[in-house]
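Look at the sequence and the structure first, then read on.

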Amino acid sequence: MPELPKGFEHESVDPKWYAFWESIGAFRADPDSQRTPFSLVLPPPNVTGSLHIGHALNQTLPDIVARWKRMQGFDVLWLPGTDHAGIATQNVVEQQLAKEKQTRHDLGREAFEARVWAWVAHSKTVITGQMRKLGSSVDWSRERFTLDPGLSRAVRREFVSLFREGLIYRDKYIVNWCPRCRTALSDLEVVHHDTRGKLYYIHYPRLDGSRGVIVATTRPETMLGDTAVAVNPRDPRYAALIGQRVRLPIIGRELGIIGDDYVDPEFGTGALKVTPAHDPNDFLMGRRHDLPQVAVIDEDGRMTTQAGPYAGLDRFKARAGVVERLQREGLLERTEEHAHKVGRCQRCNTVVEPLVSRQWFVKIATLAEPAIRVVTEGRLTFVPGNWTKVYLDWMENIHDWCISRQLWWGHRIPAWYCDACGEMIVAEDTPERCRCGGPLGQETDVLDTWFSSGLWPFSTMGWPDDTRDLRRYYPTDLMITGFDIIFFWVARMIMLGLKFTGDIPFKEVYITSLVRDAQGQKMSKSKGNIVDPLDVMDDVGADAFRFTLAALASPGMDIALSEGRLRGYRQFINKLWNVSRFILMNIGDDTIRRPVPATGELPLVDRWILHRISQIAGEVDQAWRDYRFDVAADRLYHFTWHEYADWYIEFAKSRLQGQGAERDEALAVLLEVHDRLLRLLHPIIPFVTEEIWQQLPRRADDGQTITRARFPGRREAWIDDRSAVEVGLLQAIVTAIRTVRAERGVAPSRQIRVVIEGASADVVRLVARESHYVERLAGLEAAPRFRAMAAGEQGAVTVVRDMRIHVLLGAIDRTAELERVRKNRGNLEREIASLERQLANPSFRARAPGELVRQTERRIENLRAQRNELERTFRELTG
């Protein structure tokens, strides 16, 4: 058999196997297959550059599921693609142009779009390269882009259908406006930052100049657009003033005092300036009271001619000017420090300006009702379950969706206006001329990115056509995505999926956590703590990176990504590699894969390892069913390192050095266990497992690749609890002796003698039968003796369960031995107390599996027995 190199070289191994998988179609779904379908779609990364650490998590976890399901025999479709990401991608290209001292207007729309398409080609190449490097097992033959012709046709069908049903309308409404991006933003695209500002108290005098009303505002520049002052009609301070008039400072406009329940009597003075053109709540109040809208800030964030002496100024410079004049005229009563939230553009961080603008909207209530119902009825579930309430709270308070964006990059709204008669035509296909014969011009606005990506689960499968993929793979089974786009994307996919297909887009939604730095801080450019997935994979390899992400992916808990964890799991990969090298070196030229004998014919350690690999297979399978990636990784890590490598490989060494049937038997078990372990590990660490698996002797039905090999299940015939108890006792005895050797500084080459007191007849028979393992692994010159210590005989004492083990090292330092026993007793007491606290915790008993609770109870019993024996030893040493 070929030998593995001394070290695992991910730089050459990873790309070799990914290219191989692609060449044989290992990830391709087959709609003609007789296998049960399992489908999921990749949340499409934005073509704004490259993948970040969150993308790495959101690709690793679904890849684990896809590989696991494939190995279980499912026909898996994991459909990939990228999102055109309107505002985000346009910003990237505009920033590039700015460095060249150009704007998109210098290029014109057509040339600008061509420039963006060139960027898209570059970005997609980078992203798909990263995905291959990470090992994402997507079906590349079905790769999609949200501006592909087929998906563009789906978007037009969506828009026209909703418009004809009266669910899309065009209206003047107040929207979030970004002066930098020069477009409307949805509420979700605005990030509200806690800000230390000021609260300005301004006097609005009566028309005769006498004392009027004091209003409080955080934005004095907007007062120039005030058209009323509002008070709460139930506020006794102001009830008599309703219907009276005051004069707007600086501008001189007369304002009426109105009563409205919206006004909070506790805020400021209880009197509110009303600016319908620049505040969403004032806009609604203005509609209720038929107030005029006076726009004093334009789309560039500058003051309009309506702002009088401040026309043309930047809005924040105008603020300073207004405050200065109010002070000069004695109308600024006072200012106070004031903490409040300021909305900023999610993309460029510019302070958002509420403006009244003609936009396109979706009437959302009709779409939201069934999307709420499928969750409350349990047809669609969120994992972890706490996200269900978050989703429902938002959906039950949802507002109409502004879907138009004043951008050049994206899906143009399929509406045309006649230059001759002014008629508007909404159609899927581009009309040539108006019915009146006049020329047509298309709407210049584009659609919100989420309007197209909301169709992603079914438009990527060919909708609106009735395709084989759509019939077989929709609805999908699972969506794995980040919490930050539940409202942006998940909710809209549910609403639009139900509307256009009559079915949910997926059955389960698994919400991933946020990846933070080692100190638990959110990663950001300003903090300089961003981790580049490419750098990590170049350093430790994709497998170690993936294992780290899986091991830390505890539901509902953020991930603290540290270099120590990455290096630790890289060492795990090395451990697996070294064990595999040992096995292959012992196989030699033997390429025959012998069957494992019946367990009744096998030695204890073989029965034990088959029992444990069977148990681990069941635990890992269940962990993935529950989306407990962290539990699966933990079980595999500890089994591989602390049971298989540390113990079974050591148990097997002497038999592998023999000849004949004993060696063949040991090798058959070892290869069976190693093969199963590689298959169990493959969904998490695909590259190293494929490299090793390809070198093992294989069965005729194993196939070309481990990606299609059968995932191991629990084998009831191998379950042997007695073997686990007996090997556990042998391990405890060996470990106890090794601990004494280490504490006393006994050289590894020195062989020692051991006397065991208090052992039962069953233990005596067990240790006698398996003494060759105890002798070799504990460094004994002979098998342990079961007897009482002779008079004058001295030894360091350690305890295993209710037995005392005397390690005979000659004369002992009584004081040092007392200190060692005291220390060990203290360690036992702390562990007992910790486990007792765990058992006393109602939440642990409620959530932990029953078997884990019973294991904890048995562990406490064993520890108490050991503590009692140590107390006995302590009394003897001090007697």
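The second largest cavity holds about 30 Å³ of space. This is a predicted model. Six names make up the lining of that cavity: L51, A56, Q130, L134, P533 and M537. Two helices, α5 (109-134) and α15 (533-540), each give at least two residues to the lining of the second largest cavity. By class, this lining has 5 nonpolar residues and 1 polar residue.

How many cavities of 30 Å³ or more does the structure hold? There are 2.

The largest cavity has a volume of about 170 Å³. It is lined by 20 residues. Closest to the centre of the largest cavity are I87, E189, R347, D448 and T449.

Which element supplies the largest share of the lining of the largest cavity? That is α3, with 3 residues. At least two lining residues come from each of α3 (86-99), β21 (446-447) and α11 (449-453). The lining of the largest cavity divides into 11 nonpolar, 4 polar and 5 charged residues.

| Cavity | Volume | Lining by class |
|---|---|---|
| Largest cavity | about 170 Å³ | 11 nonpolar, 4 polar, 5 charged residues |

Technical notes:
Residues are numbered from 1 along each chain as its sequence is written. This is a predicted model: local features need pLDDT of at least 70, side-chain atom pairs count only at pLDDT 80 or more; totals for chains, interfaces and linings use all residues. Side-chain values use heavy atoms; hydrogens and water are left out. On a 1 Å grid over the protein atoms alone, a cavity is a set of points where a 1.4 Å probe fits but cannot get out, and a pocket is an open set with protein on both sides within 12 Å along at least five of seven lines; lining residues have an atom within 4 Å of a point. Grid points are joined across faces, edges and corners, and a volume is the space filled by probe spheres set on the points. Helices (H or I, at least four residues) and strands (E, at least two) are DSSP runs, numbered from the N terminus. Ala, Val, Leu, Ile, Met, Phe, Trp, Tyr, Cys and Pro count as nonpolar, Asp, Glu, Lys and Arg as charged, and the others, Gly among them, as polar.
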